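Hi everyone, thanks for coming.

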Amino acid sequence: SGFSKHPGLLHLLFFTFCLIYAITIIGNLLIFMVTVHPSLRIPMYFFLRVLSILDISTASIGVPKMLVNFLSEDRSISYMGCATQLYSVIFLGATEWYLLAAMAYDRYMAICNPLRYAIIMNSRVCVSLVLLSCCSGNVVSVVQTAWVFSLPFCGPRKINYFFCDIPPLIMLSCTETSSYEKQIITATALVIFTPFCLILVSYACIISSTLKISCAEGRHKIFSTCSSHLIVVILYCGSGTLIYLRPKASYSQDAKKFLPLTHTAITPMLNPLIYSLRNKDVKEVLIR
């Protein structure tokens with residue numbers, strides 16, 4: 001149903017999210033093409049290309065359908081279409097979160113083991129980390145999607161949301177869902193905080209090594225490089241926590257709808273801006 005109860009906002013929302021989607025696609029395609037440049041063929045930019053692909057995919061799952069629904073009377077989605085959408089949202093979200101942990105490990109190796117970096121972070125290791133992120137995301141998504149769609153649905157099958165996600169689908173179930181909601185919180189905590197702990201450990205080691213560098217310019221360059229990644233981590237951790245871990249009564253029904261948009265539409269748009277505006281190498285190649 002989205003914001004069908006607010007017909008006066010539909011056209012404004014359509015043009016707003018159409019612009020956001022266009023910026024997301026163009027920005028991530030630019031990042032992908034720029035990081036293919038020979039001067040940027042290092043693991044950090046390989047992971048950044050994968051991140052761009054995931055961002056384009058994440059935005060493309062929900063935003064086009066949402067744009068159509070803004071202008072259409074028929075806002076329905078098939079049962080299999082809903083299951084596919086839920087699987088894709090969870091898969092891409094979890095995969096991207098694990099990829100951010102791999103990127104933190106890459107920064108740790110580059111800063112704390114610079115002489116062995118090229119040997120340790122070879123192409124085989126980089127591809128393996130990406131595949132491991134995808135496999136982990138797939139396991140999480142399959143389990144969560146199968147679990148949600150094993151619930152009995154009855155009554156009006158109206159999803160008060162922009163796309164198929166776990167919270168609104170559980171609300172359609174005929175059974176008592178308090179135990180299932182506790183399982184969601186537990187699973188979300190594991191998916192979010194396990195990579196987050198790995199990221200914290202990596203950056204604790206990075207900060208410790210950086211503080212030992214006597215050159216102020218060298219410290220500034222390291223912090224500038226890592227700050228872009230940290231900003232993205234904070235965006236993902238914050239949006240995931242607000243969507244799945246906050247109590248139901250802590251925000252309004254409309255807020256519940258807007259919060260997922262930060263993860264599926266806003267953050268994929270901001271990622272290329274964060275990495276391009278804060279990365280000197282990317283800006284130089286982009287200008288050339």
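Let's start with a question: which residues in α1 meet which residues in α10? On the α1 side we have Leu 30, Ile 31 and Val 34, and on the α10 side they meet Val 282, Val 285 and Leu 286. Sorted by class, the contact of α1 with α10 is six nonpolar residues, with no polar and no charged ones. Before I go on, keep in mind that this is a predicted model.

So how do these two helices sit? Helix α1 is residues 10–34 and helix α10 is residues 280–287, and their axes are 10 Å apart at an angle of about 95°. Angles from 65 to 115 degrees count as roughly perpendicular, and therefore α1 and α10 are roughly perpendicular to each other.

Now compare that with another pair. Helix α3, residues 79–112, and helix α7, residues 178–211, have axes that come within 9 Å and cross at roughly 15°. The cut-off for roughly parallel is under 35 degrees, so α3 and α7 are roughly parallel to each other. Their crossing is left-handed. If you want to find the contact on screen, look in α3 for residues including Trp 97, Tyr 98, Arg 107 and Ile 111, and in α7 for residues including Phe 193, Pro 195, Ser 202 and Tyr 203. By class, the contact of α3 with α7 has 19 nonpolar, three polar and one charged residues.

A quick word on annotation. The unreviewed UniProt entry marks "transmembrane region" over residues 12–34, 46–66, 86–105, 125–147, 187–210 and 222–245. What does the model show for two of those? Residues 125–147 are 100% helix and 0% strand, and the end C-alpha atoms are 33 Å apart. Residues 187–210 are also 100% helix and 0% strand, with the end C-alpha atoms 34 Å apart.

Last, two single residues. Is Leu 169 buried or exposed? Leu 169 lies in helix α6, and its relative accessible area is 3%; buried means under 20%, so Leu 169 is buried. Leaving aside neighbours within four places in sequence, Leu 169 is in contact with Cys 82, Leu 86, Val 148, Phe 149, Phe 153, Ile 159 and Cys 164.

Then there's Arg 157, in the loop between α5 and α6. Its relative accessible area is 63%, and exposed means over 50%, so Arg 157 is exposed. Arg 157 and Ser 76 are 81 residues apart along the chain, with their C-alpha atoms separated by 9.7 Å.

How values were computed
Residues numbered from 1 in each chain as written. Predicted model: local features only at pLDDT ≥ 70, side-chain atom pairs only at ≥ 80, totals over all residues. Heavy atoms only, no water. UniProt positions renumbered as here; feature names shortened; annotations may be inferred. Helix = DSSP H or I, 4+ residues; strand = E, 2+ residues; numbered from the N terminus. Axes fitted to C-alpha atoms, helices over the stretch in contact; angles between N-to-C directions. Parallel < 35°, antiparallel > 145°, perpendicular 65-115°, else oblique. Left-handed = near helix turned anticlockwise from the far one by under 90°. Contact = heavy atoms within 4.5 Å. Nonpolar A, V, L, I, M, F, W, Y, C, P; charged D, E, K, R; others polar. Buried < 20%, exposed > 50% of the residue type's maximum accessible area, 1.4 Å probe, protein only.
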